[in-house]
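Dear colleague,

I am passing on the structure we spoke about, and you will find it just below. My notes on it follow, and I would be glad if you read them with the model open beside you.

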Amino acid sequence: REACTHVVGAYGLAAVCAWREGAEAQLDFALREAPGFVMAHALRAYQLICSRDPQHHRAARPVLEAALRLRADRCERIHLAAIGAALEDDLECMRACLDDLLDEQPHDVLALQASQSIDYLLGDFARMLARVESVLRRFPAELPMRGSLLAMQAFALAENGDPARAEDAAHAALEINPFDARAHPAMA
């Protein structure tokens, strides 16, 4: 049951990264079936924080508080610290936590997703691109979620005014997942 719930959580992450509907229901299921699944709480909190809606932002606090009561490993605690920093409007601290996590765990797609959302919010497109390209260099091609990373790269390239490379990255992302909605605006 626990393994199944973690798989459902992974599908929720994939839906969030691909800007697709359905993540909410998958996260609801994961949290209902495994309330101790720290990263499902973290994903829910990031969804709320990164939506840029003040009501959603406030709704992330009880999610974080619930997660802080759970047993968490070191990486999960860093995620929770990043979420806490965001809730205190310390976005630089949030990005520093996530950068540290990505240096240690370059396969942490949720850390990259949250970082990219905050970089976009702050208009720091150069840092957005540098981060995703650094992660891509260390992310094996055979790992799941590589398409999401390519879509993030395409988005960052488009925001940095490099439409030709953005289109190439978007094509590569769509070859892996034709339903990745993040790749489509980069193509446009």
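**Overall picture**

The protein chain has an accessible surface of about 9200 Å², of which 55% belongs to carbon and sulfur atoms (areas come from the Shrake-Rupley method with a 1.4 Å probe, and for residues only the protein chains shown count as cover). Please keep in mind that this is a predicted model, in which local features need pLDDT of at least 70 and side-chain atom pairs count only at pLDDT 80 or more, while totals for chains, interfaces and linings use all residues. Residues are numbered from 1 along each chain as its sequence is written, and side-chain values use heavy atoms, with hydrogens and water left out.

The protein chain contains 11 helices and zero strands, where helices (H or I, at least four residues) and strands (E, at least two) are DSSP runs numbered from the N terminus. Of its 188 residues, 51% count as buried (buried means under 20% relative accessible area, exposed over 50%, and partly exposed in between, with a 1.4 Å probe and protein chains only). Among contacts between residues at least 6 apart in sequence, 57% join residues at least 24 apart, a contact being heavy atoms within 4.5 Å.

**Charged pairs**

The structure holds 11 salt bridges, each defined as a side-chain nitrogen of Lys or Arg within 4 Å of a carboxyl oxygen of Asp or Glu. One of them joins the side chains of Arg-74 and Glu-104 at 2.6 Å, N to O; because Arg-74 lies in helix H5 and Glu-104 in helix H6, this pair ties together parts that are 30 residues apart in sequence. Arg-74 is partly exposed at 45% relative accessible area, and Glu-104 is partly exposed at 39%.

Arg-131, in helix H8 (residues 125-137), forms a salt bridge with Asp-119, with the closest N and O atoms 2.1 Å apart. Asp-119 lies in helix H7, so the pair ties together parts that are 12 residues apart in sequence. Both partners are buried, Arg-131 at 7% relative accessible area and Asp-119 at 0%. Salt bridges that share partners join Glu-92, Arg-95, Asp-99, Asp-119, Asp-124, Arg-127 and Arg-131 into one network.

**A backbone detail**

Asp-89 has a positive phi of about 60° although it is not a glycine. Asp-89 is found in the loop between helix H5 (74-87) and helix H6 (91-104), and at 63% relative accessibility it counts as exposed.
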